[in-house]
Amino acid sequence: MQALKNERYLKALLKQPVDRTPVWMMRQAGRYLPEYKATRAQAGDFMSLCRNAELACEVTLQPLRRFDLDAAILFSDILTIPDAMGLGLYFGEGEGPKFERPIQSKADVDKIGIPDPEGELQYVMNAVRTIRKGLNGDVPLIGFSGSPWTLATYMIEGGSSKTFGKIKKMGFAEPATLHALLDKLAESVTSYLNAQIAAGAQSVMVFDTWGGVLSPRDYKDFSLQYMHKIVDGLTRENEGRKVPVTLFTKNGGQWIEAIAATGCDAIGLDWTIDIADARARVGDKVALQGNMDPSMLYATPERIREEVASILAGYGEGSGHVFNLGHGIHLDVPPENAKVFVDAVHELSAQYHK
């Protein structure tokens, strides 16, 4: 087993003592960095960047050269699984992801299989292996996937959506068809994440970006129960170390008790919930990740530090907090502001870990 020079992130997820609160940023490898834009231009397009292990490794390591981050996250996309299912993923110029062959019927669901993580998705595993080597034990590597519900929204809507009308229509008019799709996706995500762990990911995260568009009952029915299945099926120990799992539902603050009951190690919080309230509600059951509004990174350095101080005070003393933004960093944030944020977390958090 390779020794880790910095275990803060893994320890905090398992609520073990740390000297400072660990910090990383969702989308930390990305378009706000000029060096990322240069590497992407070299790759040709986004999916070519994801499929090239060396370049995916390069962009994963770029933010670690600039900032004192406590974790690296695999550079990939949440839509790799639907793409491997043969739905024809493409990115329109200046637009989000789209699918040529969206899921419209039970026959469409019956047609798709569970992708082989070392077959159609081997490029992701190659990236994990290459990044793990490139990190050289400096910080742990986070693997990830989209949640079944979130993947299904893109697969049924054919891309991004404001109303989620097609998937909700299927969910309410033909629930058996949607559940059949979600079942296949839960199985696919479980095998995909387990393959990432086998390839070297030391922690995994499930992004349920669109769970928050559901009513409380439908969230449990169409989203949470499938994430629970995934948690139950994950490899939780590898290389002699626990592999923590984090579930993140954007706009899911009202359901954190139910999320904690899945057996996950940590819950990702967006900025619409107060972290002090969240900690009071879940107690010591899980660690919490979050939760500064990403737009705060447009503020002055003083204001950013003030916000970091406020969130740290809200969480209070002891381990179990991984500092992060409440969602991905915006693409026009000045990198120097991200540095102020990361440095402030380390500097201001020491007092909470005596």
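Me: Where is Ser76 placed?

Reply: This is a predicted model, and Ser76 sits in its loop between strand E1 (72-73) and helix H5 (80-84).

Me: Is Ser76 buried or exposed?

Reply: A residue counts as buried when its relative accessible area is under 20%. Ser76 has 11%, so Ser76 is buried.

Me: How far apart are Ser76 and Ala344, in sequence and in space?

Reply: Sequence separation is counted in residues, and spatial separation here runs from C-alpha to C-alpha. Ser76 and Ala344 are 268 residues apart in sequence and 28 Å apart in space.

Me: Where does Gly320 lie, and is Gly320 buried or exposed?

Reply: Gly320 belongs to the loop between helix H14 (301-315) and E11. Its relative accessible area is 0%, so Gly320 is buried.

Me: Now the cysteines. How many disulfides are there?

Reply: The test is a distance: two cysteine sulfur atoms must be within 2.5 Å. By that rule the count is zero.

Me: Next, aromatic rings. What describes a pair of them?

Reply: Two values do: the distance of the centres and the angle of the planes. A search of the whole structure gives ten aromatic pairs. One of them is Phe164 with Trp210, with 5.2 Å from centre to centre and 50° between the planes, and this pair is tilted.

Me: Which parts of the chain does this pair link?

Reply: Distant ones, 46 residues apart. Phe164 is in the loop between helix H8 (148-157) and helix H9 (165-173), while Trp210 is in the loop between strand E5 (203-208) and helix H11 (216-233). Phe164 is buried, at 4% relative accessible area, whereas Trp210 is partly exposed, at 25%.

Me: Why does the pair of Phe323 and Phe341 count as edge-to-face?

Reply: Planes over 60 degrees apart count as edge-to-face. The planes of Phe323 and Phe341 stand at 70°, with the ring centres 5.6 Å apart, so the pair gets that label. Phe323 is in strand E11 (residues 321-325) and Phe341 in helix H15 (residues 335-349), so the pair ties together parts 18 residues apart in sequence. Both Phe323 and Phe341 are buried.

Me: Which residues do ring pairs link into a cluster?

Reply: Tyr36, Phe46, Phe75 and Phe91.

Me: Which charged residues lie over rings?

Reply: There are two cases to look at. Arg279 has its charged end over the ring of Tyr315, 4.0 Å from the ring centre. Arg51 lies over the face of Tyr123, at 5.1 Å from the ring centre.

Me: What can the backbone angles show?

Reply: Omega describes the peptide bond between Gly290 and Asn291; omega is about -5° there, and the bond is cis. Asn291 is part of strand E10 (residues 287-292). Phi is another angle to read: Asn136 has a positive value, near 55°, and is not a glycine. Asn136 lies in the loop between helix H7 (122-135) and strand E4 (141-146), and is partly exposed at 47% relative accessibility. Asn251 also has a positive phi, near 60°. Its place is the loop between strand E8 (245-249) and helix H12 (256-260), and Asn251 is partly exposed at 37%.

Me: Last, the largest pocket. What is its volume, and how many residues line it?

Reply: The volume is about 1,200 Å³. The lining has 38 residues, and Arg27, Arg31, Phe46, Asp77 and Phe91 lie nearest the centre. Helix H2 (34-43), helix H3 (46-51) and strand E2 (89-91) are the elements that give two or more residues to this lining. E2 gives the most, with three residues.

Me: How do the lining residues divide by type?

Reply: Into 21 nonpolar, nine polar and eight charged residues.

How values were computed
Residues numbered from 1 in each chain as written. Predicted model: local features only at pLDDT ≥ 70, side-chain atom pairs only at ≥ 80, totals over all residues. Heavy atoms only, no water. 1 Å grid on protein atoms, 1.4 Å probe; cavity = no way out; pocket = protein on both sides within 12 Å on 5 of 7 lines; lining within 4 Å. Points joined across faces, edges and corners; volume = space filled by probe spheres on them. Helix = DSSP H or I, 4+ residues; strand = E, 2+ residues; numbered from the N terminus. Nonpolar A, V, L, I, M, F, W, Y, C, P; charged D, E, K, R; others polar. Phe/Tyr/Trp six-rings, centres within 6.5 Å; stacked < 30°, edge-to-face > 60°. Buried < 20%, exposed > 50% of the residue type's maximum accessible area, 1.4 Å probe, protein only. Lys NZ or Arg CZ within 6 Å of the ring centre and 35° of its normal.
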